[in-house]
Amino acid sequence: QVQLVESGGGSVQAGGSLRLSCAASGTMLSANAMGWYRQAPGKQRKLVASIDNDGSTNYVDSVQGRFTISRDSAKNTVYLRMDSLKPEDTAVYYCNANVLVLGRVLVNYWGQGTQVTVSS
């Protein structure tokens with residue numbers, strides 16, 4: 001069984017910064033593509049940023065230049081540095097990972113979610 005454990009959410013004022021962390025643990029071979037999604041109240045969960053094994057990254061336009069995704073592959077951990085936060089960034093942020101498990105099967109996992117609240 002694989003778990004994604006998130007940390008780092010909280011409440012900040014507009015213009016502030018937060019860093020989210022997500023560590024994958026359990027019986028696994030490796031974590032492949034990892035990413036962060038967010039879900040605001042009454043809205044669908046959407047991709048914020050992702051990072052592949054080779055370090056290539058992808059961002060939704062609304063966070064480009066403000067958020068930075070990175071990873072420590074040795075620790076199977078992905079980070080999301082969020083700067084210049086805006087009230088519209090308020091949401092529950094979810095970690096997502098494609099994990100290679102025994103038998104070399106790729107399985108998708110979700111974290112439990114962490115709340116980010118940005119006040120104006």
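A disulfide is a pair of cysteine sulfur atoms within 2.5 Å. The exercises below apply this definition and others to a predicted model.

**Exercise 1. The disulfide**

Determine how many disulfides the structure holds, and describe the geometry and location of the link between Cys22 and Cys95.

*Solution.*
Step 1. The sulfur atoms of Cys22 and Cys95 lie 2.1 Å apart, and the cut-off is 2.5 Å; the two residues therefore form a disulfide.
Step 2. The structure holds one disulfide.
Step 3. The angle about the S-S bond is -80°, and the link of Cys22 and Cys95 is left-handed.
Step 4. Cys22 belongs to strand S3 (residues 18-26) and Cys95 to strand S9 (residues 91-101), so the pair ties together parts that are 73 residues apart in sequence.

**Exercise 2. Accessibility of the two cysteines**

Decide whether Cys22 is buried or exposed, and do likewise for Cys95.

*Solution.*
Step 1. A residue counts as buried when its relative accessible area is under 20%.
Step 2. Cys22 has a relative accessible area of 0%, and is therefore buried.
Step 3. For Cys95 the relative accessible area is 0%, so Cys95 is buried.

**Exercise 3. The four-stranded sheet**

Give the strand order of the open sheet of four strands, identify its edge strands, and examine the pairing of S1 with S3.

*Solution.*
Step 1. The order is S1-S3-S8-S7, and the pairing is antiparallel.
Step 2. Strand S1 (2-7) and strand S7 (67-72) each pair on one side only, and these are the edge strands.
Step 3. On average, and with direction ignored, neighbouring strands of this sheet are turned by 15° against each other.
Step 4. Six bridges join S1 and S3 in the antiparallel sense.
Step 5. As an individual example, Leu4 has Ala24 in S3 as its bridge partner.

**Exercise 4. The largest pocket**

State the volume of the largest pocket, and describe which residues and elements line the largest pocket.

*Solution.*
Step 1. The largest pocket contains about 280 Å³ of space.
Step 2. Its lining consists of 16 residues; Arg38, Ala40, Lys43, Lys46 and Glu88 lie nearest the centre.
Step 3. The elements that contribute two or more residues to this lining are strand S4 (30-39) and strand S5 (46-51).
Step 4. S5 supplies the largest share of the lining, three residues.
Step 5. By residue class, the lining of the largest pocket comprises seven charged, five nonpolar and four polar residues.

How values were computed. Residues are numbered from 1 along each chain as its sequence is written. This is a predicted model: local features need pLDDT of at least 70, side-chain atom pairs count only at pLDDT 80 or more; totals for chains, interfaces and linings use all residues. Side-chain values use heavy atoms; hydrogens and water are left out. On a 1 Å grid over the protein atoms alone, a cavity is a set of points where a 1.4 Å probe fits but cannot get out, and a pocket is an open set with protein on both sides within 12 Å along at least five of seven lines; lining residues have an atom within 4 Å of a point. Grid points are joined across faces, edges and corners, and a volume is the space filled by probe spheres set on the points. Ala, Val, Leu, Ile, Met, Phe, Trp, Tyr, Cys and Pro count as nonpolar, Asp, Glu, Lys and Arg as charged, and the others, Gly among them, as polar. Buried means under 20% relative accessible area, exposed over 50%, partly exposed in between (1.4 Å probe, protein chains only). Two strands pair if DSSP finds at least two bridges between them. Axes are lines fitted to C-alpha atoms, for helices over the stretch in contact, and angles run from 0 to 180 degrees between N-to-C directions.
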